[in-house]
Amino acid sequence: MAGLISTAAKVEESLLVVRSDGCQQVTIKGSTNPLIVSMFFLGPPIAVLLLLSFTSSEVNAFLLATKNQNPRRLYQNHIAASTNKRWIKTVSMSSCCPKAPSPAAATAAAAASVTTEAVSHEDVSLYYGTTLSETKDLQTNACTTASAPPPHIRALLRNIHPDVIAKYYGCGLTIPDLLEGMTVLDLGCGSGRDVYLAAQLVGSKGRVIGVDMTPEQLNVATGTQKWHTEKFGYENTQFIRGNIERLEELDIEPNSVDIIISNCVINLCLNKEAVLAGCYRLLKPGGELYFSDVYSSARVPKSLAQDKVLWGECISGALYWNDFHNLSKKAGFLDPRLVEDSLITIQNKAIEQKVKSYSPKLQFFSATYRLFKLDSLEPHCEDYGQAVIYKGTMERCEGAFVLDSHHFMETGKVFPVCGNTWRMLHDTRFKDHFTFIGNFDRHYGIFEGCGTSLPYESAKENGSAACSPSGGGCC
Ligand SMILES: C[S@@+](CC[C@H](N)C(=O)[O-])C[C@H]1O[C@@H](n2cnc3c(N)ncnc32)[C@H](O)[C@@H]1O
């Protein structure tokens, strides 16, 4: 299939909506004068409808595409056009149609790239740029870190400018161990708190890049850059204004980033699948995406997703946890590991009521995951009779190393692991800190405890029926 729109209109806004009938609808909004629109579509089975409505200053074009059109490409073309704010001469659509996804993958993908008719990037930017001035303006506790930071992070926080701290809206601790010399990318860095935290840990030989789309937030980050350089004694930070759903447009080399962090941002994205795919592309093999975000116990209904405050507060854009797991795998992160989680209590009667009126059972969690880019990982944890011994050599982890919520490895103790965990330690920056026992020569079956029920421990605190597998499971 091939398609071409040529127009001399200035495209100002473009929005992809996944409609209930499964079609994707792109709405292009821009100014007229002069306006020429023409379209050509070749090759059945295609049904395309182009509607144009004119007012003196505005044109709206609606393009309805069939289900077998490549929605990502369609979306990217128009968003690219709208972001560049150029006078568009031609926008061409790729002739490639992706292989039809399986019904399950299509459902997860649709849920993950939720675009609502009510919430847009502009709404999110407005919320973080104008509606909120400081952390205390938040209406719920979703974008608030539940647990107190550990002592070494508290010490580093004291070196960060108060203006940056005042505009912190994160929901977890996104700073993994062993950062020295690393290249770190912070997606949705906001005013830069985590960038400046990581900058102190990567040191003068590492670097940290922050990306955000909201100018008011970035102004605080860049406005304090000199202050932080003087405080740290070196300059190793960079800030880029951009949309993390289009990481390929940023000037960052594929396979060049050691660690991607993100704190309470991906739930706000309209196309979560594109974020994960972009991360996979930028990470070095053996690198990881280590991030905190908000997840739900079931898919959030459209009625809640259209609420701009609920979305802005990091609640209604939350992914259902199993859609997230499946999307991660689809993006190439084959074994997502949960590090920690906590139940979000909302703590705003009116908002709680809104959520409860849909379903009293719908729960939200803030959770930190680590996703390794390792092509050799298997879809489930397989047992090859392997084990590791932690050497106790990582700074601040002399007694034990915590890989995730199921792997607390005490120094010097033989710790049985599945093949995936073995690879997460052997094929990454952690290798030198472990002794490895065994190989992949003999397979003993599935690693006991590998399961798929709601993974969040904090769900139990609220009397949920959900439980994760007991018996020292691995994932
Ligand atoms: C809840 S705040 C968190 C900010 C920061 N991570 C922190 O911990 O303070 C969400 C941030 O994500 C940014 N954001 C949301 N969607 C984005 C997108 N698609 N591209 C770039 N930035 C985005 C917003 O501008 C906002 O600064």
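Let us start with Cys-279, which touches Ile-260 and Leu-289 once residues up to four places away in sequence are set aside. Please bear in mind throughout that what you see is a predicted model. Cys-279 belongs to helix H9, which covers residues 272–282. Is Cys-279 buried or exposed? Cys-279 is buried, because 27 other C-beta atoms lie within 10 Å, and the cut-off for a buried residue is 20 or more.

Gly-332 leads us to another helix. This glycine comes just after helix H12 and takes a positive phi of about 110°. H12 itself spans residues 321–331 and is mostly covered, with eight of its eleven residues buried. Among these buried residues are Trp-321, Phe-324, His-325 and Leu-327, and Asp-323 is another.

Cys-314 has a positive phi of about 70°, although it is not a glycine. Where is Cys-314 found? Cys-314 is in the loop between helix H11 (308–312) and strand E13 (319–320). Cys-314 counts as buried because it has 27 C-beta neighbours inside 10 Å. Ile-346 is likewise a residue other than glycine with a positive phi, near 70°. The loop that holds Ile-346 runs between strand E14 (337–343) and helix H13 (349–358). With 21 other C-beta atoms within 10 Å, Ile-346 is buried.

I turn now to helix H14, residues 419–426. Why do we describe H14 as largely enclosed by the rest of the structure? The reason is that seven of its eight residues are buried. Those residues are Gly-419, Asn-420, Thr-421, Trp-422, Arg-423, Met-424 and Leu-425. Which strands do the buried residues of H14 pack against? They pack against E15 (364–372), E16 (386–390), E17 (400–404), E18 (407–410), E19 (414–417) and E20 (434–437).

Next, the ligand and its surroundings. There are 26 residues around the ligand, and those that come nearest are Gly-170, Gly-188, Gly-190, Met-213 and Thr-214. Two elements give two or more residues to this shell, namely helix H3 (121–131) and helix H6 (193–202). H3 provides the largest share, four residues. By class, the shell divides into 13 nonpolar, nine polar and four charged residues.

In helix H6 we find Leu-197. Leu-197 is buried, because 24 other C-beta atoms lie within 10 Å. Leaving aside neighbours within four places in sequence, Leu-197 is in contact with Ile-153, Leu-156, Leu-157 and Ile-175. The C-alpha atoms of Leu-197 and Arg-154 are separated by 9.8 Å, although these residues are 43 apart along the chain.

As for H3, its axis and that of helix H7 (residues 215–223) come within 7 Å and cross at roughly 50°. H3 is therefore oblique to H7. On the H3 side, Tyr-128, Gly-129 and Thr-130 take part in the meeting, and on the H7 side Pro-215, Glu-216 and Gln-217. By class, this contact has two nonpolar, three polar and one charged residues.

Let me now step back to the whole protein. Its secondary structure comes to 15 helices and 20 strands. Of its 475 residues, 44% count as buried. Among contacts with a separation of 6 or more, 76% are between residues 24 or more positions apart.

Finally, a word on confidence. How high is the average pLDDT of the protein? The average is 78, and 71% of the residues score at least 70. Over residues 1–102, however, pLDDT stays under 50, and the model has 147 contacts beyond four places in sequence for this stretch. Residues 463–475 also have a pLDDT below 50, with 34 contacts in the model beyond near neighbours in sequence.

Thank you for your attention.

Terms used: Residues numbered from 1 in each chain as written. Predicted model: local features only at pLDDT ≥ 70, side-chain atom pairs only at ≥ 80, totals over all residues. Near = placed C-beta within 6 Å. Nonpolar A, V, L, I, M, F, W, Y, C, P; charged D, E, K, R; others polar. Buried ≥ 20, exposed ≤ 12 C-beta atoms within 10 Å, placed from the backbone. Contact = placed C-beta atoms within 7 Å. Axes fitted to C-alpha atoms, helices over the stretch in contact; angles between N-to-C directions. Parallel < 35°, antiparallel > 145°, perpendicular 65-115°, else oblique. pLDDT = per-residue confidence, 0-100.
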